[in-house]
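Student: I would like to learn how to read a few features of a model. Please show me the general idea, then the case at hand.

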Amino acid sequence: MERFKRVNTITGWVIFLIAATVYLMGIEPTVSFWDCGEYIASAFKLEVGHPPGAPFWVLLGRLFSMFAAENTGVAKMVNSLSALSSAFTILFLYWSITHLARKIFSVDNDKGNLLAVIGAGIIGALAFTFSDTFWFSAEEGEVYALSSLFTAFVFYAILKWENVAYERHSNRWIILIAYLMGISIGVHLLNLLAIPAIVFVYYFRKYKITNRGVLGAALLSIILVGFFNYLIIPGIVQVASGFELLFVNGLGMPFNSGNLIFIIVIAGLLAWGLHYTHKLKKITLNTLLLGLTFVIIGYSSYTMIMIRSAADPPMDENDPETVFALYHYLKREQYGSSPLITGAYYNAPVTDSEQPYTYVREGDRYVKSYSLNPDYEYDERFTTFFPRMWSRQSDHIREYKKWGTIDGEQVTVTNNRGEKQSKTVPSFGDNLEFFFKYQVGHMYLRYFMWNFAGRQNDIQGHGGPLNGNWLSGINFIDEARLGSQDNLPDKLKNNKARNTYYMLPLLLGLIGFFFQYKKNPKDFTALLLLFLFTGLAIVVYLNQTPLQPRERDYAYAGSFYAFSIWIGLGVLGIYNLFKDKAPRVFSAIFTIILTLILVPANMAKENWDDHDRSGRYIARDYAYNYLNSCAPNAILFTHGDNDTFPLWYAQEVEGIRTDVRVVNLSLLNTDWYIDQMKRKAYDSEPVPFSMERSQYKQGTRDQVPMLNKVKNHVDVKQVIDFVASDNPQTQLSAYGNQKINYIPTKRFRLNVDSAKVVERGIVDPENADQIVDEIRWQVSGNNLMKNELMMLDLLAHFNWERPIYFVSPSDETNLGLSNYLQLEGFAYRLVPIETEAQDRIDVGRVDSEIMYQNLMEEFQYGNMQDPDVYMDYTSRRTTNVIRLRNKFARLARKLNDEGQEQRAIETLDRCMELTPHNQLPYGIWTLEVLNEYYRAGATEKGNALAEELAGYTKGELDYYFSLEQPFANAISREQRMSLHIMHRLSQITGNFGQKDLSKEYENYLNNKVSSMQGTGGGLR
């Protein structure tokens, strides 16, 4: 036994070092996309991130950030926190596997069994080390790596308790688990889903197994999960808010007096309970109270959220400095909610609504403030148990019909205009079909198979055979699901995330699954519960809608962790086949080498190139370029996570362009964010909103109707004065006696001070003759949301003192001002020069001097052209969002228009250098580059690019036309796009005198269309 302990300990630390080395070698040296920028910024300056927060992670992140020699190294240090947390997770996984394994095979005086048990731990731990999902989370500054560590630690702790369950001080492990659970709340709630496994390990060890006992343990598991999720986490804060309201509003005491009394009461009750149960020797009750005490101590990290919010840092999401705000922050109410047990279908008529409220500070007391999201009641005929198809967004409804057939009962309803209409109530079978096909199949099993069978590519998939599917590498299995895998187009065949494991990890895990079930049903049950609760239970709880903005595999890492234990135990299953047919030591060594090569070694080989992030600076430079697109003291309107979080990181951590005020339009719908925009931040002056808080607080002017009472364009100052007025004559009657504000027009005008516009550098003096006297525009839709209203307020009062920029030319983000934009880099400046948009992409005018300097001299591009730097899907998609090739092509077009052909060629050369096909696959945007090469007289370069683009496109079309039904129908959109590219290639080359190329492309296109018509006609 002592020999085993020594070998087990040493081997565990060796595995830890392997994992730590791999992860630290591959971490991103700076910020990544999605939430990482926000998390790293909040850690560096102890600021308040998005709900429900991660205060303990932030504290650890701050600790790690202190080891950075300079601010540019902060992100790497925080990313190292994830790498080391993941390596420790692997360490606990290894020890958990060997613990479970030696309960199957005794290691006393049997070297073969000892080697097999150690080998099981090695194979299982390394399989998880190199698994797709876990490896990804290990290399970026996010909470999921640390959350996985807590899951691994508590599961290992209950196994350690199991060894000493009848010893005098064994309950110290239970107390440790309680403390870890409490701390983990300040990281992520996923760790709570280990509770059922912990309960069953405890039950199996302490009690005689009966059907009634198993049922009771299962019920207790669910109760404990609910206790943490619905009582401990929001409940403590909710009770504290009751104390606060009583002592402040009821007794007239200062703010936070109720909070202080509540803390004293809770501490006193727990202390009394612990003393009383200890005195009476009520060991079980004392242990429960002690566990609760440590949970609360761990959970107390959330006090940091309130303390830091009270300091009003620049990043202070939801402003949770009161217990009322903290309660709603913890419940994530800003994101809405999905029904769980009962609820309405997506097309349920609304029968009633109620406006929830909270309390906010006003003067020396708390007053009611109404929520942005009302609670609706629906027609009971459209409500169901276990609702899965519930979102009312039109694109989600289309997807519901795509993933299943809606074939329910027809009922007659009355709409809000009193008109009767017929609606289909989805059947419960339709509901379950969507649940199993999409939520279970697409949003869990697909991710599971990514990790243990193989992955097609990293392109996000929403169904269909081309993108985001699992792929085994076994042709007959893959072709039955995805169509032929022969002659794949280049962008699919050479995608570095095309990783095939031949289902060997899955097979080894299934061997371990059945082997443990046969040899040790108790441990199997506990592990099965960990697997199910961190997998399918999350699927049920999240109740996800279609068209998620990103892949969500990270949510199920705990489930993949559990399956990796079975992969390890599968080694024992194979060893068990050989141990009596050959010497046991030989059988063990043979099994370890065989499974090591076939499973973790192959996974490492396949996954390394797409998980190595070293040398990638794309997200950081993306933010740098956006901020440096702006003139000094600018206001930059952003929209989504990837538009905003990298920019927050750049400003908060690296201090890049802190004079630019980043205004997120999604958050501008909230009063707390408007408050923050009205404060100075670093070198950025407050945003000049005129409305007072009482005029934009939640529940006030959240959505303002627009009527066509005034047909002429109205000055925006008059509009704001009108809508901000509380005069009943400027309001509409609604809902009985209630009055609501409205806007009497959809047409607006903004006066232009041409002298100031030139003086402030918003328009160059040579373009002064193009300045309009006033900007006139019209807003579509019938309502303005609060964020749009605040944009109008800004336009009414900024007086052309500060430049205004938008990250997107879309009318959805610029209030319909697309005809008055100027492209100067990545961002679009508002200018008083009218330019008709050519299409939804080619919006605004181009300032060639500013843009040339930015794109060619100022901007940084994150090594995106380096073939050793993997451009993952998020990086490719984000650079496509800014449409890098389109930006360069538009600059070249402007230079060609101005007769600067040589600079145009330099611009296009730089574009092709930065965006080679192997990093950013060629597509529709490359046609613009080609066109401008020809216009600039660079015929040879144009021909070379045309041939290259044609070759790639032909490869795509040859593959698309080779597919049989039903796969051919599923790729019709991609097929049409490639046909369009070939058609445009023929046109462009013909337009510039390249008749041979044009004819070649035309003949190819005609042959394809003819073959298509010969098989039935029409685009498939």
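Student: Is helix H34 mostly covered or mostly open?

Tutor: Mostly covered: 11 of the 14 residues in H34 are buried, where buried means under 20% relative accessible area with a 1.4 Å probe, protein chains only. Among them are Leu884, Phe888, Leu891 and Leu895, along with Arg885 and Lys887. Helices here are DSSP runs of H or I, at least four residues, numbered from the N terminus. This is a predicted model: local features need pLDDT of at least 70, side-chain atom pairs count only at pLDDT 80 or more, and totals for chains, interfaces and linings use all residues. Residues are numbered from 1 along each chain as its sequence is written, and side-chain values use heavy atoms, without hydrogens and water.

Student: What span should H34 have?

Tutor: The expected span is 1.5 Å times one less than the number of residues. For H34 (residues 884–897) that gives 20 Å, and the end C-alpha atoms are 20 Å apart, which agrees. Glycine 899 follows H34, with a positive phi near 80 degrees.

Student: Which residues have the most contacts inside the largest nonpolar core?

Tutor: In soluble globular proteins, nonpolar side chains tend to be buried together. A nonpolar core is a set of buried Ala, Val, Leu, Ile, Met, Phe, Trp, Tyr and Cys residues joined through side-chain atoms within 4.5 Å. The largest has 299 residues, and Trp57, Leu668 and Trp777 have the most contacts inside it. Helix H4 (residues 74–101) gives this core its largest share, 15 residues. Another core lies apart from it, with 7 residues, including Tyr345 and Val411.

Student: Cysteine 36: buried or exposed?

Tutor: Buried, because its relative accessibility is 1%.

Technical notes. Buried means under 20% relative accessible area, exposed over 50%, partly exposed in between (1.4 Å probe, protein chains only). Helices (H or I, at least four residues) and strands (E, at least two) are DSSP runs, numbered from the N terminus.
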